[in-house]
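Hi,

Here is the structure I promised to pass on. Have a look first, and my notes follow below.

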Amino acid sequence: MRRSSSAGRPAAGGRAPRQRAGDAEQLGFEGMPERLFVCTPSKLGAYADCPRRYRYSYVDRPAPPKGPPWAHNSLGASVHTALKNWYALPADRRRPEALATLLKGTWVREGYRDDEQERAAYRRALGWLEAYVETLEPDSDPLGVERVVAVKTAVLAFNGRADRIDSRPGPEGPELVIVDYKTGRTGLDTDDARGSQALALYAYAAERVFRRPCRRVELHHLPTGTVAGHDHTVESLARQLTRAEETARDIMAAERAVADGADADEAFPVAPSSRCGWCDFRRHCPAGAQAPGKEPWAAMDRPADG
């Protein structure tokens, strides 16, 4: 015999009552965790530098077209790939004389003013590489080269590609070290390594991926042959992680605001600075367009710092 119940009974006329939009929360969705913010160091850095640049890169669809390629980015990519391929060689072939072939095979030609500037950049890069590999142990393999590490927190789904992850002896066993190659024309110091959110997030993720302590981070500046390093603590890594999560919350709030109809320019305000002249989206940004634009090869002519 069917039980009689008023729950779920059709209203007069035979139709079931319509579910209101807010009923979903009453059905249990209110307690569901918020979606994680999927990010890389460059994604977080874009917003920290200028929310408007973040919007142009990751929110607007279709995204505004970027400007021409930058020569200094081409140079950096060429050097990074050459070092990656150097480590891919058998140990007995990891010699400085192998670098010319490796660099030619990875050379990116875009952005240079002319052939003369490009040839000078190639010679300069080859000199950096030859001097740098003299400081390395060719028989020693890093734990990771161009290694992706990833971690999830209550807010972030973070992933990033570390240039190199070394395993070095520590007081209580092997410890990991994050190594980041730099080819910019400015020298770096300990403060740069200490303040780098990207390096801290790499260290935090690597420690959880490999289940080994990872507190040391290093910036290897190839033009000057210098190393800027910092030894994090559990607390300092936690502070950098908190900063990243706060940035992610700000981004998600701005994205929700735009989805709900807010003005995109207000949700993602511009942050004018000296970087505007180097921005890929300067031509599309009213504030950025007021800054003098840089030629794609401009960074190649700046003197190197010692």
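Which side chain does Glu218 meet in a salt bridge? That of Arg168, at 2.9 Å, N to O. (A salt bridge here is a side-chain nitrogen of Lys or Arg within 4 Å of a carboxyl oxygen of Asp or Glu.) Glu218 lies in strand S5 (residues 214-221) and Arg168 in strand S3 (residues 156-170), so the pair ties together parts 50 residues apart in sequence. (Strands are DSSP runs of E, at least two residues, and helices runs of H or I, at least four, both numbered from the N terminus.)

Before going on: this is a predicted model, in which local features need pLDDT of at least 70 and side-chain atom pairs count only at pLDDT 80 or more, while totals for chains, interfaces and linings use all residues. Residues are numbered from 1 along each chain as its sequence is written, and side-chain values use heavy atoms, with hydrogens and water left out.

Glu218 is buried at 6% relative accessibility, whereas Arg168 is partly exposed at 28%. The structure holds 18 salt bridges. One of them joins Arg52 and Asp265 at 3.9 Å, N to O. Arg52 is in helix H3 (residues 51-59) and Asp265 in helix H10 (residues 264-267), so this pair links parts 213 residues apart in sequence.

Now the rings. There are eleven aromatic pairs. (Rings of Phe, Tyr and Trp, the last by its six-membered ring, pair if their centres lie within 6.5 Å; planes under 30 degrees apart count as stacked, over 60 as edge-to-face and the rest as tilted.) Tyr47 and Tyr54 are edge-to-face, 5.8 Å centre to centre with 85° between the planes, and both are buried. Together with Tyr58 and Phe268 they form one aromatic cluster. Trp107 and Tyr112 are stacked instead, at 5.9 Å and 10°.

Some rings also have a charge over them. (That takes NZ of Lys or CZ of Arg within 6 Å of the ring centre and within 35 degrees of the ring normal.) Lys43 sits over Tyr58, 5.4 Å from the ring centre, and Arg208 lies over the face of Tyr204 at 3.6 Å.

Finally, helix H8: eleven of its 14 residues are buried, so it is largely enclosed by the rest of the structure. Tyr204 is among those buried residues.

Cheers

Technical notes. Buried < 20%, exposed > 50% of the residue type's maximum accessible area, 1.4 Å probe, protein only.
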